[in-house]
Amino acid sequence: MKYIHTKGLDLSRFMLGTVQLGMEYGLGSDRAKPSSEKAFAMLDQAAALGINAFDTANNYGDAECILGQWQKKRYRDLGAFPWIVTKIGPLKDESFDCLRDDIRRQVDACRRNLGVETIDCLMLHNYEDYEAHAKAIQKIFAELRDEHAFRYSAISAYSRNDYGVIAESGFDAVQIPLNIFDRGQIESGGIEKLAKANMMIFARSVFLQGLVFLTPQVLDRRMDFCIPALETFQRLCGEFELPPAVLSLSFVLSVPGITAAVLGCDNVKQVQDNAKLFDQTVQLTKMHWNALRKAFMNIDERVINPGVWFNHT
């Protein structure tokens, strides 16, 4: 497993997403919520492979509770504890007192679920909450940090959000979507702003909901607009001699400032397979970067917006 040293931490570059452990997620019969036994087996395998960073949230079903139970029953045997990011939100914001009470209520629940006094990293799930109440949230988070409710603060965002605002927010970390087709926040300097603010940057959606694994031949006809991008991507995989998954993940981990990539898994084998991907990643060269920039600089915006894949005429 590959690691990165940041802010006094040694984190695996594979951050295991846990939404699948707490609720039915995605499509198909194999996406059903696993039993506690199966969830523990996945977490055990992750730990055995050296994964020490985990991503969860208070609205991922009972994922927080699963992680808390696992820490208590299993992880102690390994002599160390995982580093867990958990998220809160949306927030009740009728007044400052209401906002403070709701944040405190959610944080206390997270601590109980995880079985910890101090949360490793507390993440605000919705950028819009921060945008609407920035000063108030900064004040409340400062109070909670002083009370040792959490060690690191963070915010989750989308590519459409203002990364400059996030860079000036004082949060220690941020989670953003990033994939090989989407260069928007790279070209605009948004990710560079986050890195210069010394923020840990966790990248999600690195495979763009599985699009990188598809070929034009199996693509849903409603997504024909993705064909040029996929054909170019497949050509580059051949030229670079890197499989689609490895090139996609290598790209994300090669972006300056990226700390880790968040990947969810449905079973033990997928934990194993994804861990192997991280071991196979390479640092992309200037030649790689130039070719990728030329290929996807003017990509059809629909390709990087899954919300419109099946909602157009």
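**Entry 1: the nonpolar core**

I looked up the largest nonpolar core of this predicted model and found 90 residues in it, of which Phe-54, Ile-88, Ile-103, Ile-137, Ile-166, Phe-181 and Leu-211 touch the most other members. I noted that a nonpolar core is a set of buried Ala, Val, Leu, Ile, Met, Phe, Trp, Tyr and Cys residues joined through side-chain atoms within 4.5 Å. Buried means under 20% relative accessible area, exposed over 50%, and partly exposed in between, with a 1.4 Å probe and protein chains only. In soluble globular proteins, nonpolar side chains tend to be buried together.

I recorded that residues are numbered from 1 along each chain as its sequence is written. I also recorded that local features need pLDDT of at least 70, that side-chain atom pairs count only at pLDDT 80 or more, that totals for chains, interfaces and linings use all residues, and that side-chain values use heavy atoms, with hydrogens and water left out.

**Entry 2: Leu-211 and Val-303**

Which residues does Leu-211 contact, leaving aside its neighbours within four places in sequence? I listed Phe-181, Leu-219, Met-223, Cys-226, Leu-230, Val-303 and Trp-309, where contact means heavy atoms within 4.5 Å.

I then turned to Val-303, which is placed in the segment after helix 13. Val-303 counts as buried because its relative accessibility is 0%. Not counting residues up to four places away in sequence, Val-303 touches Phe-181, Leu-208, Leu-211, Phe-225, Cys-226, Ala-229 and Trp-309. The C-alpha atoms of Val-303 and Ser-159 are separated by 14 Å, and the two residues are 144 residues apart along the chain.

**Entry 3: the barrel**

I traced a closed barrel of 8 strands, in the order 3-4-5-6-7-8-9-10, with parallel pairing. Helices (H or I, at least four residues) and strands (E, at least two) are DSSP runs, numbered from the N terminus; two strands pair if DSSP finds at least two bridges between them. On average, neighbouring strands of this sheet are turned by 30° against each other, direction ignored. Axes are lines fitted to C-alpha atoms, for helices over the stretch in contact, and angles run from 0 to 180 degrees between N-to-C directions.

Strand 3 (residues 14–17) and strand 4 (residues 53–55) run parallel and are joined by 3 bridges; Met-15 has Ala-53 in strand 4 as its bridge partner. Helix 4 (residues 96–114) packs on the sheet, where it touches strand 5 (83–88) and strand 6 (119–124), and its direction makes about 145° with that of strand 5.

How many bridges join strand 5 to strand 6? I found 4, and the two strands run parallel. Thr-86 has Leu-122 in strand 6 as its bridge partner. In strand 6, 6 of the 6 residues are buried, so this strand is largely enclosed by the rest of the structure.

**Entry 4: helix 11**

I found helix 11 (residues 244–254) mostly covered, with 10 of its 11 residues buried. Its buried residues pack against helix 8 (184–187), strand 9 (200–204), helix 10 (227–240), strand 10 (258–264), helix 12 (268–280) and helix 13 (286–296).

Helix 11 packs with helix 12 at an angle of about 60°, their axes 9 Å apart. Ala-245, Val-246, Leu-249 and Leu-253 of helix 11 make this contact with Leu-277, Phe-278 and Gln-280 of helix 12.
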